[in-house]
Amino acid sequence: SKARVRTFQAAEAAGMVWVCLAEEPGVRPHLPELDDAAFRCILCGPCPAEAGAPRLIENFLDVAHLPIVHAGTLGVPERAEIGDYRVEEIAGGLLARDIRVFQPDPDGTRRAGGVSYDYGVLAPFTVFLRKRQGGRCLTILFHVTPVTETRSTGHFAMFMNYGDPAEDAAAVDFQRMIFSQDRPMVESQRPERLPLDLAEELHLPSDRLAIAYRKYIRKCGLTFGTA
């Protein structure tokens with residue numbers, strides 16, 4: 001009985017191995033793009049950061065930073081306003097629909113315009129965004145694996161229903177560039193552990209999703225990487 005190792009529930013999806021550490025099998029986060037033949041999956045990672053998983057997740061959910069941190073690509077400071085939106089609870093997570101953002105080159109045609117984002121929380125450290133313009137759709141699944149409470153590794157799975165697969169390497173390079181802009185911002189945030197007391201930090205209307213995320217992980221009983 002001693003000559004054996006402990007095993008865990010595991011499955012492959014979106015090019016990643018998902019492991020459930022609990023005794024009872026958990027429900028793996030799922031996106032409809034996984035089963036849609038119109039989409040191809042492009043992997044990007046690992047992306048290490050000296051930051052806790054909750055901080056990295058909240059940065060991903062922070063729509064208002066796009067025109068500032070990613071000026072010239074995902075927004076412009078002169079058009080930094082974020083359209084009003086609401087957050088709803090879905091099975092096991094959160095969803096914010098149709099968040100409007102102005103971008104200088106949203107589809108690679110060098111024509112500025114507004115785009116619509118959906119953001120969702122599937123699990124405490126698994127989130128996604130869905131960016132639509134016309135019939136083109138880009139969905140990015142972002143999963144963070146904690147290393148310690150203040151060190152993490154991110155993994156991206158990008159789903160696209162457009163473009164030439166021969167240019168997928170450029171999509172990976174672009175995503176790595178975006179993450180390289182996010183990393184110093186997140187690594188410099190203090191306190192390092194995400195405060196769950198909303199009175200600890202200043203929040204704006206555009207932070208509705210971040211506020212909902214903090215309430216969500218508190219409700220989940222998550223304490224790892226939080227304060």
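Predicted model: local features only at pLDDT ≥ 70, side-chain atom pairs only at ≥ 80, totals over all residues.
**View 1. Salt bridge between R214 and E58.** The closest N and O atoms of R214 and E58 lie 2.7 Å apart; a salt bridge is a side-chain nitrogen of Lys or Arg within 4 Å of a carboxyl oxygen of Asp or Glu. The pair links distant parts of the chain, with R214 in helix α4 (residues 208-220) and E58 in helix α1 (residues 53-61), 156 residues apart. Helices (H or I, at least four residues) and strands (E, at least two) are DSSP runs, numbered from the N terminus. R214 counts as buried at 2% relative accessibility, and E58 counts as buried at 10%. Buried means under 20% relative accessible area, exposed over 50%, and partly exposed in between (1.4 Å probe, protein chains only).

**View 2. Salt bridge between R214 and E201.** The N to O distance in this pair is 2.6 Å. R214 belongs to helix α4, whereas E201 lies in the loop between α3 (168-187) and α4, 13 residues apart. E201 is partly exposed, at a relative accessible area of 24%. Through shared partners, salt bridges join R55, E58, E201 and R214 into one network.

**View 3. Salt bridge between D118 and R132.** These side chains meet at 2.8 Å, N to O. D118 in strand β6 (residues 113-123) and R132 in strand β7 (residues 126-133) are 14 residues apart. D118 is buried, with 6% relative accessibility, while R132 is partly exposed, with 39%.

**Notes.** Residues are numbered from 1 along each chain as its sequence is written, and side-chain values use heavy atoms, without hydrogens and water. Local features need pLDDT of at least 70, side-chain atom pairs count only at pLDDT 80 or more, and totals for chains, interfaces and linings use all residues.
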